[in-house]
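Please read it alongside the sequence and coordinates.

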Amino acid sequence: QVQLVESGGGLVQPGGSLRLSCAASGSIFNFFDMGWYRQAPGEQRELVAGITSNGSTNYADSVKGRFTISRDIAKNTVFLQMNSLKLEDTAVYYCNANRRVFGVRRDFWGQGTQVTVSS
């Protein structure tokens, strides 16, 4: 079982920055792809940024150039640096760990952290 604990959410003005952290239980980065998802009220959960077990990253078009995903393998922690935040970035952000076992994807989720962008 993988446990994920997010932190770093909060209230920020448009144009501001926040850094989210996701602490994982144990050394999982060699075996799991990691990602940050978000869900706004009334919307589906969407992938914001991902980092694979070999370190490759990918981003949603809406956050490219503004958000950066990274990881500290020694600390079992994944980060999401969010710059130039917009009103539409407001959502609950979830940390995700996933891997395929015998072709079946298994997902683990954190509890979520609220990010509110408001003036």
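Predicted model: local features only at pLDDT ≥ 70, side-chain atom pairs only at ≥ 80, totals over all residues.

**Strand β4 and its partners**

Strand β4 spans residues 33-39, and five of its seven residues are buried, so the strand is largely enclosed by the rest of the structure. One partner of β4 is strand β9 (residues 91-101), with which it pairs in the antiparallel sense over seven bridges. In this pairing, Met 34 is set opposite Ala 97 of β9. Strand β5 (residues 46-51) also pairs with β4, again antiparallel, over five bridges. Here Gly 35 faces Gly 50 of β5. Six residues lie between the strands in the β4 and β5 hairpin, where Gly 42 adopts a positive phi near 75°.

**Strand β11 and its partners**

Strand β2 (residues 10-12) pairs with β11 in the parallel sense over three bridges, and Val 12 stands opposite Val 117. Strand β9 runs antiparallel to β11 and is joined to it by three bridges. Ala 91 has Val 115 of β11 as its bridge partner.

The pairings are collected here.

| Strands | Sense | Bridges |
|---|---|---|
| β4 and β9 | antiparallel | seven |
| β4 and β5 | antiparallel | five |
| β2 and β11 | parallel | three |
| β9 and β11 | antiparallel | three |

**Asn 98**

Asn 98 belongs to strand β9. Is this residue buried or exposed? Its relative accessibility is 10%, and the cut-off for buried is under 20%, so Asn 98 counts as buried. A polar contact of 2.8 Å links the side chains of Asn 98 and Asn 96. Apart from neighbours within four places in sequence, Asn 98 is in contact with Phe 32, Asp 33, Arg 105, Arg 106 and Asp 107.

**Leu 4**

Leu 4 is part of strand β1 (residues 4-7). With a relative accessibility of 6%, Leu 4 is also classed as buried. Which residues does Leu 4 contact, leaving aside neighbours within four places in sequence? They include Cys 22, Ala 23, Ala 24 and Ile 28, together with Met 34, Cys 95, Asn 96 and Ala 97. Phe 108, Trp 109, Gly 110 and Gln 111 are also in contact with Leu 4. For Cys 95, which is 91 residues from Leu 4 along the chain, the C-alpha separation is 6.9 Å.

Key. Residues numbered from 1 in each chain as written. Heavy atoms only, no water. Buried < 20%, exposed > 50% of the residue type's maximum accessible area, 1.4 Å probe, protein only. Helix = DSSP H or I, 4+ residues; strand = E, 2+ residues; numbered from the N terminus. Pairing = 2+ DSSP bridges. Polar contact = N/O pair within 3.5 Å; in protein donor to acceptor, adjacent residues only side chain to side chain. Contact = heavy atoms within 4.5 Å.
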